[in-house]
Amino acid sequence: MKFILASDHGGYELKQKIKEFLELNNYEYEDLGCNSENSSYAEYGKKLANKISTSKNSLGIGVCGTGLGISFAVNRVKGIRGARITSIEDAKLAKIHNNANILLFGGRQQSTSEVIEMIDTFLKNEFEGGRHNSRIEELDK
């Protein structure tokens with residue numbers, strides 16, 4: 001699995017910490033930016049969503065100050081199921097019920113250790129399918 005990351009300035013620091021975690025665990029990743037204080041969650045959210053929508057076996061991780069703005073941006077792209085994750089339970093359900101393809105976090109609201117635990121929880125769970133498939137399909141109509 002390859003990870004695709006993006007953030008605005010409010011999520012930059014947390015994104016860097018997530019990259020350290022990925023490197024430590026030998027995960028492949030691509031960083032789409034940002035690399036400056038003059039950035040927009042809308043711009044980087046769109047970049048992330050467009051990349052994930054055309055990538056196979058990839059999981060997106062987006063970070064802005066609250067996780068809200070970037071979640072609005074990514075979920076405008078067909079085929080994207082971006083989940084703003086604020087708890088371990090969110091992480092688990094985002095996988096087993098929604099098969100999210102982008103995880104979204106608040107860089108000013110969550111600690112690195114919390115976020116790493118949430119990413120790990122997401123990765124350790126499997127999509128249940130079944131009744132959840134029709135709901136996911138309905139999103140793309």
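Predicted model: local features only at pLDDT ≥ 70, side-chain atom pairs only at ≥ 80, totals over all residues.
Student: Which residues of helix 1 are buried, and how wide is the arc within which they fall?

Tutor: The buried residues of helix 1 are Leu14, Lys15, Ile18, Lys19, Phe21 and Leu22, while Glu13 and Leu24 are exposed on the other side of the helix. In general, an α-helix has 3.6 residues a turn, so residues three or four places apart point the same way. Seen down the axis of helix 1, the buried residues line one face of the helix, because they fall within an arc of 160°.

Student: How far apart are the end C-alpha atoms of helix 1?

Tutor: Helix 1 has 13 residues, which at 1.5 Å a residue should span 18 Å.

Student: Which residues do the ring pairs link into a cluster?

Tutor: A search of the whole structure finds two aromatic pairs. Phe3 and Tyr27 form an edge-to-face pair, 5.0 Å centre to centre with 75° between the planes, and this pair links distant parts of the chain, with Phe3 in strand 1 and Tyr27 in the loop between helix 1 and strand 2. Phe21 and Tyr27 form a tilted pair, and the cluster linked by ring pairs consists of Phe3, Phe21 and Tyr27.

Student: With which residue does Asp31 form a salt bridge?

Tutor: In general, side chains of opposite charge can pair when their charged atoms come close. The closest N and O atoms are 2.9 Å apart, and the partner of Asp31 is Lys15.

Student: Which residues are linked with Lys2 in a network of salt bridges?

Tutor: The structure holds seven salt bridges, and in one of them the side chains of Glu30 and Lys2 meet at 3.3 Å, N to O. That pair links distant parts of the chain, Glu30 in strand 2 and Lys2 in strand 1, 28 residues apart. In the network, Lys2 is linked with Glu28, Glu30 and Lys51.

Definitions and conventions: Residues numbered from 1 in each chain as written. Heavy atoms only, no water. Phe/Tyr/Trp six-rings, centres within 6.5 Å; stacked < 30°, edge-to-face > 60°. Helix = DSSP H or I, 4+ residues; strand = E, 2+ residues; numbered from the N terminus. Expected span 1.5 Å × (residues − 1). Buried < 20%, exposed > 50% of the residue type's maximum accessible area, 1.4 Å probe, protein only. Arc of directions from axis to C-beta. Salt bridge = Lys/Arg side-chain N within 4 Å of Asp/Glu carboxyl O.
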